[in-house]
Amino acid sequence: MRTLTNGRPGACRLGISLYPEFASREENFDYLRRAASHGFDVLFLALLGVEGTYEEIVERYRPYTRLAHELGFEIFCDVNPMVLKRLGVGISMFQGGIDLTFFKELGIDAMRLDLGMSDLEEAELAKNADGIKICINGATVTDHVGALLSCGAPREALVGCHNYYPHRYTGVSLDYFMRGTEYWAKRGMRLQAFVSSGAPNAFGPWPVTEGLPTLEMHRDLPIEVQVKHFAMMGCVTDILVGNCFATEEELAAMERANSDRVRFTTRLVGGLPEDMERRLGMDLSVRGDCTGGYMVRTLESRMDPAPVEPFNTVDIERGDVIIDNRLYGQYAGEVQIALAPMKNSGKTNVVGHIDEREHVLLDYLAGGTRFAFDIME
């Protein structure tokens, strides 16, 4: 597996999507307010399939952008050539000139392109006097963003965005995702990706409603695990919910997961002594020399002088939470996470197990990463 980051998570910007053609204004307004209350500040507003004249669309959508701005959202909008042509909006320097009046009147901060324009045209578009950012495909395996920068596009005006995929098994693989992402990551530029709500009635802009993730591997994962994965990869700056409406519980879980401390959902073994459970509640971080591939070691856990007696010294599996006992001498009390199966010599206590759906996160635990265990009852 290819990684581009040091594995240390940091807070990303969180966002939601709205499809005003498929829900009432009251439902959309409520969703905006609920998301804002959880610290979300990016809005993806889809204009695909929008009906009406130029004036009707501005009048109908302006209340959404006005409320979103009042709540502190930055607004991205998705359009296609058919809509622009029908509205008489020109964004080609070679075909009628660049006119972004429509987007300015609509209250849009960034326009997402999927229009087949040339590199030169997109670069010129990024220089627009209205300050509207240009959002381009972040998944291309050629250095498209490099070409735009070479054509003079201001880097602060460019945002990359991965696609989302409603059809099961059509989402991108992790390897493909990283191939497209590396051009943005190596320049430290802004890049967006989508996670998917698991709400039974969640929908997107098409009749197919099998989730809306960027990564196929995320499709059936809890939304907070999807967020943790992107945050730990360290190459995505904005994490947006592709479908709507995410539940209140999902919004809260995303807010909690979007942290500089990874929280692993963990089930403890039965009868665990209180002193070992207390040790799991410490503020832990990964040692910088954990390079052997067998375990993640921690710095702080051995500072507790309380003796650790042998307990549940069964063989060790990936995802086990383990503590060396007094038979390991100076290592006694060290909290570790197993990355691979290991034989147990009797000197290590198996005290819990991280949820298997979060095992993908273990590969990103680099030195210095802060983490905690969320204990399941």
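Predicted model: local features only at pLDDT ≥ 70, side-chain atom pairs only at ≥ 80, totals over all residues.
Okay, charges to begin with: the chain has 38 positive and 54 negative ones, and their mean positions sit 4 Å apart.

Residues are numbered from 1 along each chain as its sequence is written, and side-chain values use heavy atoms, without hydrogens or water.

So where does negative charge gather on the surface? Look at Glu-55, Glu-56, Glu-59 and Glu-105, which form a patch there. For a patch, residues need over 30% relative accessible area and no salt bridge, with like charges joined within 9 Å and nonpolar side chains (Val, Leu, Ile, Met, Phe, Trp, Tyr) within 5 Å. Helix H2, residues 54-70, gives the most to this patch, with 3 residues. Glu-59 is in helix H2, and with a relative accessible area of 62% Glu-59 is exposed. The cut-offs, with a 1.4 Å probe and protein chains only: buried is under 20% relative accessible area, exposed is over 50%, and partly exposed is in between.

Now salt bridges, meaning a side-chain nitrogen of Lys or Arg within 4 Å of a carboxyl oxygen of Asp or Glu. The structure holds 30 of them. Take Asp-78 and Arg-112, whose closest N and O atoms are 3.6 Å apart. That pair links distant parts of the chain, with Asp-78 in strand E3 (74-78) and Arg-112 in strand E6 (110-112), 34 residues apart. Buried or exposed? Both Asp-78 and Arg-112 are buried.

Next, Arg-370 with Asp-260, a salt bridge at 3.2 Å, N to O. Arg-370 lies in strand E17 (370-376) and Asp-260 in the loop between helix H9 (248-257) and strand E11 (261-268), so the bridge ties together parts 110 residues apart in sequence. Arg-370 is partly exposed at 28% relative accessible area, and Asp-260 is partly exposed at 43%.

Arg-370 also forms a salt bridge with Asp-283, at 3.8 Å between the closest N and O atoms. Here Asp-283 sits in the loop between helix H10 (274-280) and strand E12 (284-285), 87 residues from Arg-370. Asp-283 is partly exposed too, at 41%.

There's a network of salt bridges as well, linking Arg-13, Asp-41, Glu-74, Lys-133, Arg-190 and Asp-238.

On to Phe-29, in helix H1, residues 25-37. Phe-29 is buried, at 17% relative accessible area. What does Phe-29 contact, leaving aside neighbours within four places in sequence? Pro-63, Tyr-64 and Leu-67, where contact means heavy atoms within 4.5 Å.

Finally, the whole chain. Secondary structure comes to 10 helices and 17 strands, taken as DSSP runs numbered from the N terminus, with helices (H or I) of at least four residues and strands (E) of at least two. The C-alpha trace spans about 80 × 45 × 35 Å along its principal axes. Of the 377 residues, 54% are buried. Of the contacts between residues at least 6 apart in sequence, 77% join residues at least 24 apart.

Key:
Lys, Arg positive; Asp, Glu negative; His and termini not counted. Charge placed at Lys NZ, Arg CZ, Asp CG, Glu CD. Areas by Shrake-Rupley, 256 points an atom, 1.4 Å probe, with all protein chains shown as cover.
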